[in-house]
Amino acid sequence: MLLLKSVVTLPAAQILSTGTLFPIIPQITNGPIRYYDWSPSINLDCNNCPSPIATIKKDICYSLEAENIYGCKGSDTFCIKVDRKSTRLNSSHITISYAVF
């Protein structure tokens, strides 16, 4: 019996705004997959599912190791950077309102 290594391909690097919910959808060959291990699990809605949703809070890199039913493993890593332009406050657009009684 020929056992084939699982091939895991994650998305290309992303630049996203803080607070974005980003579904991470890997491309995997030579399944079926019996085990998923996402790390770190910081800001992921699950760390052992096929496609977690990341809540973007800061720059981070995620790795996935997947194992198929034959025990063959594959892995990949990708990074997310926070778009600093979209998260920076522009002081010319801040309005302060108050009432005097």
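Start at Phe22. Not counting residues up to four places away in sequence, Phe22 touches Gln14, Leu16, Pro52, Ile53, Ala54, Ile56, Phe78 and Ile80. Contact here means heavy atoms within 4.5 Å. The model is predicted: local features need pLDDT of at least 70, side-chain atom pairs count only at pLDDT 80 or more, and totals for chains, interfaces and linings use all residues. Residues are numbered from 1 along each chain as its sequence is written, and side-chain values use heavy atoms, with hydrogens and water left out.

Now the overall fold. The protein chain has one helix and eight strands. Along the sequence they run β-β-β-β-β-β-β-β-α. Helices (H or I, at least four residues) and strands (E, at least two) are DSSP runs, numbered from the N terminus. The protein chain has 101 residues, and 27% of them count as buried. Buried means under 20% relative accessible area, exposed over 50%, and partly exposed in between (1.4 Å probe, protein chains only). Take the contacts between residues at least 6 apart in sequence: 58% of them join residues at least 24 apart.

Phe22 and Phe78 are both buried. A pair of aromatic rings is described by the distance of the centres and the angle of the planes. Rings of Phe, Tyr and Trp (its six-membered ring) pair if their centres lie within 6.5 Å; planes under 30 degrees apart count as stacked, over 60 as edge-to-face and the rest as tilted. This rule gives one aromatic pair. Phe22 and Phe78 form it, tilted, at 6.3 Å centre to centre with 40 degrees between the planes. The pair links distant parts of the chain. Phe22 sits in strand β3 (residues 21-23) and Phe78 in strand β8 (residues 73-82), 56 residues apart.

Where is empty space left? Rolling a probe the size of a water molecule over the atoms shows it. A search of the whole structure finds one cavity of 30 Å³ or more. The largest cavity holds about 30 Å³ of space. Its lining is Asn43, Thr55, Ile56, Lys57, Lys58, Ile60 and Tyr62. By class, that lining has three nonpolar, two polar and two charged residues.

Two further residues complete the tour. Asp37 lies in strand β5. At 28% relative accessibility, Asp37 counts as partly exposed. Leaving aside neighbours within four places in sequence, Asp37 is in contact with Asn47, Ser63, Leu64 and Glu65. Asp37 and Asn48 are 11 residues apart in sequence and 5.1 Å apart in space, C-alpha to C-alpha.

Ser51 is found in the loop between β5 and β6 (53-55). Ser51 is also partly exposed, with a relative accessible area of 35%. Not counting residues up to four places away in sequence, Ser51 touches Ile24, Ile25 and Pro26.

Terms used
1 Å grid on protein atoms, 1.4 Å probe; cavity = no way out; pocket = protein on both sides within 12 Å on 5 of 7 lines; lining within 4 Å. Points joined across faces, edges and corners; volume = space filled by probe spheres on them. Nonpolar A, V, L, I, M, F, W, Y, C, P; charged D, E, K, R; others polar.
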